[in-house]
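Welcome! Have a look at the sequence and the model first.

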Amino acid sequence: MRIWFELSNSPHINMFYDLIRELESDGHEVIITSRPLANTVALLEQKGLNHTVVGKHYGKNIFKKILGYPIRVLQLVNYLKLNKPDLAISQSSYHSALASWLVGIPSIYTNDNEHAIGNIPSFLFATKILLPENMSINKFKWAIASNKLVRYPGLKEGIFLWIKNEYIMEQRKLNPPSNVNIFIRTEPQTAQYYNGKLNFLDDIIIALQTKYTITVLTRNQDQLMHYNNPIFSNINVPVKPLSFEQVASQCTLFIGAGGSMTREIAMLGIPTISVYQEELLDVDRLLIAKGLTWHEPNLTTEKVEQYLSQIPNTAPDSELMTQGKDTYQLFKNQIYSFDKKLQKPLLSTD
């Protein structure tokens with residue numbers, strides 16, 4: 001098969017990388033589209049994944065997003081007509097399922113954000129919809145045909161973490177950091193679902209930068225420029241995105257203002273504070289219930305110091321890792337169920 005992956009945001013690269021490489025090793029051709037959002041293009045290049053940038057991101061403004069939506073759908077339609085894939089796969093790309101439907105290509109769509117209104121066209125036009133078991137669908141249940149829906153166990157981050165966790169834990173043992181390393185992931189400024197404060201961790205960063213090693217992981221050029229201000233002279237601000245393995249192997253404490261990377265670190269048992277400013281997702285509530293994440297939207301320097309003084313010794317959540325392996329296999333099963341060259345899927349598609 002020729003399989004099209006739409007990797008339109010930074011978390012999608014880690015999520016699908018190993019699956020893409022396995023599909024290629026099985027003899028399938030993979031083609032990839034991307035868009036210039038957050039660290040997406042840089043991470044694709046870092047991973048050595050050939051891709052085609054299609055369209056652009058239309059920023060935070062809701063009217064620009066609405067006007068830009070059909071433009072990018074049509075751009076993808078033109079790409080699909082030229083490249084003729086047999087199957088489309090995407091995570092939270094609100095353009096891909098509709099573009100695929102318009103050219104008659106079956107699609108697999110997955111998402112873990114029950115608040116995102118962009119899910120609606122994808123739920124309506126996707127051939128298969130893969131959602132986490134603990135994600136509520138009440139808000140958009142009317143848009144999901146029951147014969148399309150497949151539930152997967154655990155969290156989407158487990159799809160690649162079950163492969164990486166042993167290596168990362170070994171690196172943490174072999175090369176323990178000599179200092180307290182605090183990694184901070186900034187807020188998703190341009191996301192449709194995000195209406196929280198901007199740069200709201202600045203006072204904490206300024207107060208802690210002379211005491212601890214602080215690395216701020218920015219999402220765009222505006223944030224990069226902001227944290228290159230002389231008042232942040234004692235922090236690290238990588239120009240190019242660090243690999244997930246680099247962050248996870250050296251992290252003492254992770255403070256996340258967004259979603260995916262915060263969940264990834266927490267699932268490994270690394271001390272994690274979520275400062276997410278919007279309504280929590282069901283997948284985040286699961287990690288909080290498991291004690292893997294502390295949610296503190298009004299974080300203070302004192303609370304950071306308190307947390308550092310009582311950091312627990314933890315390990316990767318074994319249940320989530322097992323579920324991640326099962327979900328990886330489920331995704332692969334679903335992909336093979338569309339292979340017309342086979343009399344039946346190579347693996348069961350329960």
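The points below cover the overall build, the nonpolar core, the aromatic rings and the strands.

This is a predicted model, in which local features need pLDDT of at least 70 and side-chain atom pairs count only at pLDDT 80 or more, while totals for chains, interfaces and linings use all residues. Residues are numbered from 1 along each chain as its sequence is written, and side-chain values use heavy atoms, with hydrogens and water left out.

**Overall build**

- The protein chain has 13 helices and 12 strands; these are DSSP runs numbered from the N terminus, with helices (H or I) of at least four residues and strands (E) of at least two.
- With 350 residues, a compact globule would have a radius of gyration near 20 Å, and the protein chain agrees with its 20 Å. This radius is taken over C-alpha atoms, and the globule rule is 2.2 Å times the number of residues to the power 0.38.
- Along the principal axes, the C-alpha atoms fill a box of roughly 60 × 40 × 40 Å.
- Buried residues make up 55% of the 350 residues, where buried means under 20% relative accessible area, exposed over 50% and partly exposed in between (1.4 Å probe, protein chains only).
- Contact means heavy atoms within 4.5 Å. Among contacts between residues at least 6 apart in sequence, 61% join residues at least 24 apart.

**The largest nonpolar core**

- A nonpolar core is a set of buried Ala, Val, Leu, Ile, Met, Phe, Trp, Tyr and Cys residues joined through side-chain atoms within 4.5 Å.
- The largest one holds 29 residues, and F5, F16, F331 and I335 touch the most other members. Elements giving two or more residues to this core include strand 1 (2-6), helix 1 (11-25), strand 7 (149-152) and helix 13 (318-336). Helix 1 supplies the largest share, seven residues.
- Leaving aside residues up to four places away in sequence, I335 touches M1, I3, L19, L23, L87, I89 and I108.

**Aromatic rings**

- Rings of Phe, Tyr and Trp (its six-membered ring) pair if their centres lie within 6.5 Å; planes under 30 degrees apart count as stacked, over 60 as edge-to-face and the rest as tilted. By this rule there are 10 aromatic pairs.
- Y152 and F331 form an edge-to-face pair, 5.6 Å centre to centre with 70° between the planes. Y152 lies in strand 7 and F331 in helix 13, so the pair ties together parts that are 179 residues apart in sequence.
- Both partners are buried: Y152 has a relative accessible area of 0%, and F331 has 3%.
- Ring pairs link F5, F16, Y152 and F331 into a cluster.

**Strands and sheets**

- Two strands pair if DSSP finds at least two bridges between them.
- Strand 7 has a covered face, V150 and Y152, and an uncovered one, L149 and R151. Strand 6 (residues 128-132) pairs with strand 7 in the parallel sense over four bridges, and L130 has V150 as its bridge partner.
- An open sheet of five strands, with parallel pairing, has the order 9-8-10-11-12. Strand 9 (213-217) and strand 12 (294-295) are the edge strands, each pairing on one side only.
- In strand 8 (residues 181-185), five of the five residues are buried. N181, F183 and R185 point one way, and I182 and I184 the other way.
- Strand 8 runs parallel to strand 9, joined by five bridges, and pairs in the parallel sense with strand 10 over four bridges.
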